[in-house]
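Hi,

Here is the structure I promised to pass on. Have a look, and my notes follow right below.

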Amino acid sequence: MYYSVIYRSTAESHFSQKDIDYMLLKAKQHNKKQGITGCIIYSNNQFIQIIEGAKEAILELYDSIKADNRHFDVTTLIETPSKNMLWDDWSMAFYNFSGTAEQNNYSRMLLETYFENANLKSKSSEVFLTLKTNIFELISNT
């Protein structure tokens with residue numbers, strides 16, 4: 001059994017692309033050691049992130065995320081046990097929708113492909129549906 005958390009937050013105005021890149025590097029290193037997987041979507045100074053793994057590791061990480069001063073208005077979208085991990089092959093995937101229209105369209109195409117190709121069990125899970133709905137709501141203005 002795994003544990004999944006999806007949240008949304010707003011980045012501080014001074015949080016630059018360089019800061020995001022550094023955050024991702026550290027997250028990938030930490031998550032790999034802890035058996036945590038996930039994905040971050042960034043658009044219009046907003047983050048949506050899913051983290052998945054063993055419950056204790058996820059709760060510890062999420063407490064750290066909520067206390068991080070690089071973002072605010074951390075809102076839990078779903079927090080639940082789950083049978084499968086949606087991002088089981090990624091220590092931390094990242095989709096950035098703050099680029100050019102062409103870059104944003106490419107990222108959207110990659111996400112749509114991921115959602116279309118997810119296995120049937122995942123597609124019907126509350127975690128999958130919460131993630132998909134919130135991501136497409138976030139990026140609808142890009």
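The axes of helix α3 (residues 101-117) and helix α5 (residues 126-139) come within 12 Å and cross at roughly 160 degrees, so α3 runs roughly antiparallel to α5 (angles over 145 degrees). The crossing is left-handed, meaning the near helix is turned anticlockwise from the far one by less than a right angle. On the α3 side the contact (heavy atoms within 4.5 Å) involves Arg-108, Leu-111, Glu-112, Tyr-114 and Phe-115; the α5 residues include Phe-128, Leu-131 and Phe-136.

This is a predicted model: local features need pLDDT of at least 70, side-chain atom pairs count only at pLDDT 80 or more, and totals for chains, interfaces and linings use all residues. Numbering starts from 1 along each chain as its sequence is written, and side-chain values use heavy atoms, with hydrogens and water left out.

Now the salt bridges (a side-chain nitrogen of Lys or Arg within 4 Å of a carboxyl oxygen of Asp or Glu): the count is three. One of them joins Glu-137 and Arg-8, at 3.4 Å from N to O. That pair links distant parts of the chain, with Glu-137 in helix α5 and Arg-8 in strand β1 (residues 2-11), 129 residues apart.

Back on α3, that helix also holds Tyr-106.

Cheers

Key: Helices (H or I, at least four residues) and strands (E, at least two) are DSSP runs, numbered from the N terminus. Axes are lines fitted to C-alpha atoms, for helices over the stretch in contact, and angles run from 0 to 180 degrees between N-to-C directions. Angles under 35 degrees count as roughly parallel, over 145 as roughly antiparallel, 65 to 115 as roughly perpendicular and the rest as oblique.
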